[in-house]
Amino acid sequence: MCLSKTVGHSMDKSITLPPDEIFRNLENAKRFAIDIGGSLTKLAYYSTVQHKVAKVRSFDTTAKEAPNDKLYEISVQEEVTARLHFIKFENAYIETCLDFIKDHLVNTETKVIKATGGGAHKFKELIEKKLGLNVDKEDEMTCLIKGCNFVLKNIPHEAFVYARHADSEFRFQTANPDIFPYLLVNIGSGVSIVKVESEDQFERIGGSSIGGGTFWGLGALLTKTKRFDELLQLASKGQHTNVDMLVKDIYGGSYGCLGLTGDLIASSFGKSATADKEFSKEDMAKSLLHMISNDIGQLACLYAKLHNLSRVYFGGFFIRGHPVTMHTITYSINFFTKGEVQALFLRHEGYLGAIGAFLKGAEEDNPNQYSWGENYAGSSGLMSVSPDMNPMQRARSGTFDMLEMDRLERQLVNLPLLQDPSSYIPDTVDLTEDALARDYWLYCFEDALDGVVKRAVASQPDIPEAVVRAEKFRQKYRHKLLTLRHQPL
């Protein structure tokens with residue numbers, strides 16, 4: 001669906017949304033929040049969804065089915081489900097997206113939109129003018145922490161360790177309601193290091209002016225490349241040892257008595273001072289990325305040790321799921337802590353501010369009395385970022401990553417009947433890790449597909465388009481299975 005076909009003539013015709021609707025259930029939207037950063041805008045909204053439920057009659061396996069027997073009785077539930085939607089887009093398109101939202105906001109009850117991020121000030125008048133809503137600004141750090149607490153508690157496998165050269169790049173952490181205390185290292189233009197002790201108790205204990213903006217700024221000067229993601233692309237192809245001075249360049253090998261290996265960086269950009277040659281953009285970008293990441297990693301380790309914290313989460317504009325960034329930070333943390341502290345990343349870290357701003361506006365609904373679960377059908381998948389598997393995944397800043405969450409009308413409790421839930425080891429099969437089990441089950445699903453399609457068509461004999469819809473389902477389902485074979489995560 002192209003936005004320029006949907007809204008006014010002032011639309012930027014270069015904006016194309018994914019084939020599936022990105023702004024889902026807008027007609028039922030009740031509440032909005034927006035987080036406007038330096039380059040990306042994240043929108044959160046709450047809506048209600050009405051479900052069609054198939055009531056399947058009981059089958060008698062001994063009796064023959066009559067030709068006219070109805071296989072299903074379809075009815076629409078009277079009650080509705082609450083759903084949270086999160087989407088993001090580049091700030092260059094904010095007017096277009098605001099126009100689109102306005103044109104599709106029907107019967108909205110809200111008169112105020114919660115806003116956070118630096119752009120909440122910059123775009124306040126534009127938002128109020130376009131949407132006809134009052135902008136209520138919320139503190140950026142408070143929203144960030146509130147959002148982080150929310151995803152850690154409500155989304156299974158939200159946090160992960162990144163192991164670039166392992167069989168599985170992502171090692172997901174088991175969800176645990178006991179998330180405190182932890183250290184959040186938020187890497188935007190600069191770095192903020194925050195100690196989080198409870199839902200509402202947190203403190204910025206440190207930071208640095210050397211962050212994502214430093215990498216971007218120095219990178220632009222060194223390579224004449226202005227786009228952040230292009231810099232990371234260059235870095236992924238570079239060889240930092242052509243620019244950096246290593247321990248072995250000084251000592252001819254390792255420095256054993258100090259425990260320094262020969263391949264350790266002794267001086268970032270050290271060779272550029274003496275070597276009389278031109279250095280490639282790729283090598284300079286890689287050296288710069290290592291320098292920034294190592295500095296942030298060491299700073300994070302020092303604060304983690306100072307405050308006796310073992311859980312350190314990294315997020316912010318600098319990360320955004322880029323493999324080379326996650327790898328360099330992970331390496332830095334492992335080196336400085338000798339493996340005692342793990343660098344943890346978040347699948348939805350880009351939405352933390354928007355989630356927090358939304359929750360600030362929903363406090364009167366007491367959201368903590370509910371449980372929330374990720375709606376996988378409406379969310380973007382976490383694709384492998386291996387270049388040989390998915391080369392397009394590296395250019396991510398322009399993507400429309402989506403997240404949807406459904407509300408359960410009760411609060412889930414962690415294994416309530418067990419005397420000691422922490423000691424319970426469930427008997428499960430992880431299909432992302434067990435290749436044999438994964439192949440077996442994907443084969444079962446694929447083998448059953450024709451039968452499912454046939455039964456679906458038979459369940460609606462009086463509907464002419466049933467065959468066409470069933471064929472669309474077959475193609476889409478088979479494509480999903482193919483994706484899971486190559487990208488099980």
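Contact here means heavy atoms within 4.5 Å. The model is predicted, and in it Thr214, Phe215, Leu218, Gly219, Leu222 and Thr223 of helix H6 meet Lys281, Met284, Ala285, Leu288, Leu289, Met291 and Ile292 of helix H9. The residues of this contact divide into 9 nonpolar, 3 polar and 1 charged. Two packed helices are described by the angle between their axes and the distance between the axes. For H6 (residues 212–223) and H9 (residues 281–306), the angle is about 160 degrees and the axes lie 10 Å apart; since angles over 145 degrees count as roughly antiparallel, H6 and H9 are therefore roughly antiparallel to each other. The crossing in which H6 passes H9 is right-handed.

Thr225 lies in the loop between H6 and helix H7 (228–237), and its relative accessibility of 8% makes Thr225 buried. Its side chain makes a polar contact of 3.1 Å with the side chain of Thr223, while its contacts beyond four places in sequence include Glu230 and Leu234.

Most residues other than glycine have a negative phi, and most peptide bonds are trans. A cis peptide bond, with omega about -10 degrees, joins Phe180 and Pro181, and Pro181 is found in the loop between strands S7 (170–172) and S8 (182–187).

How values were computed: Residues are numbered from 1 along each chain as its sequence is written. This is a predicted model: local features need pLDDT of at least 70, side-chain atom pairs count only at pLDDT 80 or more; totals for chains, interfaces and linings use all residues. Side-chain values use heavy atoms; hydrogens and water are left out. Axes are lines fitted to C-alpha atoms, for helices over the stretch in contact, and angles run from 0 to 180 degrees between N-to-C directions. Helices (H or I, at least four residues) and strands (E, at least two) are DSSP runs, numbered from the N terminus. Angles under 35 degrees count as roughly parallel, over 145 as roughly antiparallel, 65 to 115 as roughly perpendicular and the rest as oblique. A crossing is left-handed if the near helix is turned anticlockwise from the far one by less than a right angle, and right-handed if clockwise. Ala, Val, Leu, Ile, Met, Phe, Trp, Tyr, Cys and Pro count as nonpolar, Asp, Glu, Lys and Arg as charged, and the others, Gly among them, as polar. Buried means under 20% relative accessible area, exposed over 50%, partly exposed in between (1.4 Å probe, protein chains only). A polar contact is a pair of N or O atoms within 3.5 Å; within protein, one must be able to donate a hydrogen and the other to accept it, and residues adjacent in sequence count only if both atoms are side-chain atoms.
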